[in-house]
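Thanks for coming, everyone. Let me put the structure up, and then I will walk you through it.

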Amino acid sequence: MSILGDIGLLFARQWIAGVDEADAIRAALKVNSKNEQVILNYLGENFSEKGQARRSVMIYLNLLRQMKINRIRGSISVKPSQLGILISDAEFYRNLSRIASHAYGLGFDVWIDAEEYEYVDRSLGVFLRALKRHKNIGMAVQCKLRRSMDDAMGIAAKGGMVRLVKGAYKEPAAASFEDDDSIRQNYIEVMKTLVSKRAKVMVATHDASIIEEAIELGKRRKQKIKFAMLMGIRSRLAQKLADGGNEVHIYAPFGEEWFDYSMRRIKEEGHAILLLRSIIQQ
Ligand SMILES: Cc1cc2nc3c(=O)[nH]c(=O)nc-3n(C[C@H](O)[C@H](O)[C@H](O)COP(=O)(O)OP(=O)(O)OC[C@H]3O[C@@H](n4cnc5c(N)ncnc54)[C@H](O)[C@@H]3O)c2cc1C
């Protein structure tokens, strides 16, 4: 790596776990030492060749072994387009099943990230099929999408875990809520419905108003709500939640593609200034 690359990586380590599995395990141990669990994600997406998807499978299998050896408390998260959905549903299903079986044997859960709108239907289809065989899998649902309530309830009805997120992608206008308030309102509505059904829900957001609402909801319904945040973003709030006895998970991506991921986080909805502030406040 060039000197510029080294400096960039040093900076990006605020929100990525590193480049390889060894880095990921080190970062996971650090997260665990703060009484938080980790969700490890290997960076890489839009793979159109079987070889690329299967290499990702091998990396996850090795990572899971390392997580077990190092007694990591956490889970992993995979992307449909990383595990072959661009090739076929069958390829994605095969790769996901392999990872889920291995993870189950070692005592870990596997999350499926939500990707662009065009993949949502097929991702959900493969997920629901896999859920019949693998009880240790869950899926992210984007609350900016109008279909999110149906998707979340469909997963919950089959006993699957739902990770609620606002959604990071620019989606077709007709399929999504337009403004921040409507997305937040929909998020809260889906969250309340899931909790009322005693579904397995993870509240993945840095939005303090949603987190407050979730805490109140948990108290009212005498249910423990799981929270999740991205590594390096609002870390103090995450720590406060963990210190308050809440189950907190930190999503920590790693891999050679750390640069693209970092740029995406910086560009996200004009969060550059906030990101700089969160780094200074660490
Ligand atoms: C654990 C986890 C898993 C996720 N998985 C997925 C997924 O599978 N698919 C998907 O599409 N999206 C995923 N996301 C991203 C998510 O969809 C949002 O894009 C992102 O979390 C920002 O939305 P927010 O809910 O935090 O609310 P926002 O309203 O965007 O943010 C609330 C506050 O959090 C802080 N903040 C948020 N983001 C940043 C940032 N980048 N830099 C600095 N400060 C920030 C700011 O203070 C902001 O005011 C995930 C998010 C989390 C936390």
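Here is a question to start: is R71 buried or exposed? R71 is exposed, because it has 9 other C-beta atoms within 10 Å. The cut-offs are these: a residue is buried if 20 or more other C-beta atoms lie within 10 Å of its own, exposed if 12 or fewer, and partly exposed in between, with C-beta atoms placed from the backbone.

Two words on the source. This is a predicted model, where local features need pLDDT of at least 70, side-chain atom pairs count only at pLDDT 80 or more, and totals for chains, interfaces and linings use all residues. Residues are numbered from 1 along each chain as its sequence is written.

Back to R71. R71 sits in the loop between α3 and β2. Those names come from DSSP runs, numbered from the N terminus: helices are H or I with at least four residues, strands are E with at least two. Phi of R71 is near 50 degrees, a positive value in a residue other than glycine. For context, most residues other than glycine have a negative phi.

Now the overall layout. Eight strands close into a barrel, with parallel pairing, in the order β1-β2-β3-β4-β5-β6-β7-β8. From one strand to the next, the twist averages 30 degrees. Angles here run from 0 to 180 degrees between N-to-C directions, and axes are lines fitted to C-alpha atoms, for helices over the stretch in contact. Two strands pair if DSSP finds at least two bridges between them.

Y42 has F254 as its bridge partner in β8. Helix α2, residues 21-33, packs on the sheet there, touching β1, β2 (74-78) and β8. The direction of α2 makes about 160 degrees with that of β8.

Next, strand β4, residues 137-142. How many of its six residues are buried? Six of the six are buried. I137, M139 and V141 point one way from β4, while G138, A140 and Q142 point the other way. Strand β3, residues 110-112, runs parallel to β4, joined by three bridges. The bridge partner of I112 in β4 is M139.

On to the core. A nonpolar core is a set of buried Ala, Val, Leu, Ile, Met, Phe, Trp, Tyr and Cys residues joined through C-beta atoms within 7 Å. The largest one has 80 residues, and L164, V203 and A252 touch the most other members. Helix α3, residues 50-69, gives the largest share of this core, six residues.

Take A252, in strand β8. A252 counts as buried because it has 24 C-beta neighbours inside 10 Å. Leaving aside neighbours within four places in sequence, its contacts include A17, A24, V38 and M231. A contact means that the C-beta atoms of two residues, placed from the backbone, lie within 7 Å. A252 and G18 are 234 residues apart in sequence, yet 9.0 Å apart in space, C-alpha to C-alpha. Then L164: not counting residues up to four places away, L164 touches V141, Y187, V190 and M191, among others.

That brings us to helix α7, residues 180-196. At 1.5 Å a residue, its 17 residues should span 24 Å, and its end C-alpha atoms are 24 Å apart, which agrees. The expected span is 1.5 Å times one less than the number of residues. Buried in α7 are I183, N186, Y187, V190, M191 and L194. They lie on the same side of α7, because they cover an arc of only 135 degrees around the axis. That arc is taken from the directions from the helix axis to the C-beta atoms. Exposed residues D181 and S196 are on the face turned away from the buried side. The cover over the buried residues of α7 includes α6 (148-157), β5 (161-165), β6 (200-204) and α8 (208-221).

R198 counts as exposed, because it has 10 C-beta neighbours inside 10 Å.

Last, α8. I210, I211 and A214 are buried in α8. They cover an arc of only 100 degrees, which puts them on the same side of α8. The buried residues pack against α7, β6 and β7 (226-230). The face turned away carries exposed residues, including E212, E216 and K219.
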